[in-house]
Amino acid sequence: MFYNSSKILFTTIVIIGTLITVTSNSWLGAWMGLEINLLSFIPLLSDNNNLMSTEASLKYFLTQALASTVLLFSSILLMLSNNLNNEINESFTSMIIMSALLLKSGAAPFHFWFPNMMEGLTWMNALMLMTWQKIAPLMLISYLNIKNLLLISVILSVIIGAIGGLNQTSLRKLMAFSSINHLGWMLSSLMISESIWLVYFLFYSFLSFVLTFMFNIFKLFHLNQLFSWYVNSKILKFSLFMNFLSLGGLPPFLGFLPKWLVIQQLTLCNQYFLLTLMMLSTLITLFFYLRICYSAFMLNYFENNWFMEMNMNSNNMKLYLIMTFFSIFGLFMISLFFFTL
């Protein structure tokens, strides 16, 4: 991806668009940043050799354009309500703005475009969509104080993200539903504290990067590829499924730390009903991750592998194994660090 000069240019503009939105002090400036981000992300998605990516870029454009139109319309209404002495209901306008931002981020109940679009992307584009493209809408959502709509979105996101991933055989759709579930956790952390949201987002981005990095190297796109993948290299297979469990939030691993922080803060805020729902949904996601891991470790295919041979001493493998080490033992290391302090 990064050996192409045009892709470097568009990636830079995507980053600039997000930074404009985050640093903007008006809704119009935020809208402009989102538009720059959208129009520079579409060329990164489209690929002449792949019809699926062209379809995905068109789906992305239509949904984001709809959300941008609603955002622009409602921000103009908000300005009018301030000038006309609140003749227009301000909370209603803010609710429309939040709906547009939830559509942009792919949170439930506005999530329908997200899994279908993920199916047509390369792993690097999918990673950008799951991580970087969430920053601007979530930052804007944090400026709006509409607890009711946010609460509904959190509950729906964690439930749909958990149930939607149960019957998936495509790894990209699995990661998409996992992203929707994590988005529910991030939105719930936004209700409490922006700093916890930032911590959760950074940990989620790291764990998603580790998995997509591996999927991209070996061009893994479906579950049956995982089952017959690399029978001879037990370390790689074991590390991949440990990263899966870490992303799911299984307690000994690094992925449990941000969930732990959110659970602690929600308990202090007496949000017991929401917390119970979120934990139950996480148990469902862990169930299908464990089911994948169990099947892959039990099944031993003896047919010839057509995957490329990977040298364990190559730079990519060293980087992957270092990141996996942090993913598995990160929680112990951070706990030890705080304990010594």
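Being 4 residues apart in helix H3 (residues 51-83), Lys59 and Glu55 are separated by about one helical turn; helices are DSSP runs (H or I, at least four residues), numbered from the N terminus. The model is predicted, so local features need pLDDT of at least 70 and side-chain atom pairs pLDDT 80 or more, whereas totals for chains, interfaces and linings use all residues. Residues are numbered from 1 along each chain as its sequence is written, and side-chain values use heavy atoms, without hydrogens and water.

**Exercise 1.** Determine how the salt bridge of Lys59 with Glu55 is formed.

*Solution.* Step 1: a salt bridge requires a side-chain nitrogen of Lys or Arg within 4 Å of a carboxyl oxygen of Asp or Glu. Step 2: the closest N and O atoms of Lys59 and Glu55 are 3.0 Å apart. Step 3: Lys59, at 29% relative accessibility, is partly exposed, and Glu55, at 40%, is also partly exposed (buried is under 20% relative accessible area, exposed over 50%, partly exposed in between; 1.4 Å probe, protein chains only).

**Exercise 2.** Locate the partners of the salt bridge between Glu119 and Arg172.

*Solution.* Step 1: their closest N and O atoms are 3.8 Å apart. Step 2: Glu119 lies in the loop between helix H5 (113-118) and helix H6 (123-130), and Arg172 in helix H9 (residues 171-192), so that the pair links distant parts of the chain, 53 residues apart. Step 3: Glu119 and Arg172 are both buried.

Conventions
Helix = DSSP H or I, 4+ residues; strand = E, 2+ residues; numbered from the N terminus.
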